[in-house]
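Reader: I am new to this structure. Can you take me through its aromatic rings?

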Amino acid sequence: MMGAPAPAGKVTAAKILIVNADDFGLTAGVSRGILEAHRTGIVTSTTLLVNRAIPPAQVEELKTSGLGVGVHLNLTLGTPVADPKRVPSLVDREGRFVRDASEAAARAKVDEARIELGTQIDAFRKIMGRFPTHLDTHHHVGRLPPVLELVLDFARALRVPVRSQDAQVRRAARALGLRTPDHFMGESGAEAYWSRERVLEHLAALPAGLSEFMTHPGYFDEDLAYSRYGRQRETELAGLTDPEVRQAARRTGIRLAHFGNC
């Protein structure tokens, strides 16, 4: 189970895996792919972008899907949920977030970032009618100060787990008593990360403890044409729903879970 960190040197034999699909709400095609990756594949969890216009039917399907649903806290895509006049350090002259995560974090004033992140969490609760299972961030902006500290503060206030992309974030989370996975795998680049072959490779080599796969399945649509990680999502969708992948997870005794039930 995911809880307080185990004593140094102690490793549990169980292999528990969270397969999180980032970016629910990014486009209708992405959301449709995430729901399919859960229904017919190994995806167990997703995180919601609350500053996007999501078709009500997809929200309702998400609510009843059985997926764990967290907040994909976002300071790098689109416009704020809070009044842009209250968060000027987070936006450009057009009132939009700065796309580069390092620049976004460097220019963010702590109080303004706190307002926006808190407003996004409130928006999630209005959309979903419940608390999130966990917190993570778009473009990994939550790895960077001062955003990291704010994300951890909100996770502690909500008593929910957080994503740990690396050992530094994991140490910071656990120093505050926050729940977080032991291992993290995933990337998004020029080539699709979660091909069928790579999913099978990672399942076969999965370490003991709790792991998270960060994935980006989806269907490419016109609204995704701007993205550098667009058509790769369909390759991930195919990899995560391949029958051999589902069989491999069962055969190796891996327990699939989400942040709220592990």
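This is a predicted model: local features need pLDDT of at least 70, side-chain atom pairs count only at pLDDT 80 or more; totals for chains, interfaces and linings use all residues.

Reader: What makes the pair of Y193 and W194 edge-to-face?

Author: The ring centres of Y193 and W194 are 4.8 Å apart, and a pair needs centres within 6.5 Å. Their planes stand at 75 degrees. Edge-to-face means over 60 degrees, so the pair of Y193 and W194 is edge-to-face.

Reader: Why is the pair of W194 and F213 called stacked?

Author: The centres of W194 and F213 lie 4.4 Å apart, with 25 degrees between the planes. Stacked means under 30 degrees, so W194 and F213 count as stacked.

Reader: Which parts does the pair of W194 and F213 tie together?

Author: W194 lies in the loop between β5 (183–185) and α7 (196–204). F213 is in strand β6 (residues 209–215). The pair therefore ties together parts that are 19 residues apart in sequence. Ring pairs link Y193, W194 and F213 into a cluster.

Reader: How do you know that Y193 counts as buried?

Author: Buried means under 20% relative accessible area. Y193 has 18%, so Y193 counts as buried. W194 is buried at 0%, and F213 is buried at 0% as well.

Reader: What makes R198 a charge over the ring of Y193?

Author: The charged end of R198 sits 4.3 Å from the centre of the Y193 ring. The distance cut-off is within 6 Å. R32 lies over the face of Y219, at 4.1 Å from the ring centre.

Technical notes. Residues are numbered from 1 along each chain as its sequence is written. Side-chain values use heavy atoms; hydrogens and water are left out. Rings of Phe, Tyr and Trp (its six-membered ring) pair if their centres lie within 6.5 Å; planes under 30 degrees apart count as stacked, over 60 as edge-to-face and the rest as tilted. Buried means under 20% relative accessible area, exposed over 50%, partly exposed in between (1.4 Å probe, protein chains only). Helices (H or I, at least four residues) and strands (E, at least two) are DSSP runs, numbered from the N terminus. A charge sits over a ring if NZ of Lys or CZ of Arg is within 6 Å of the ring centre and within 35 degrees of the ring normal.
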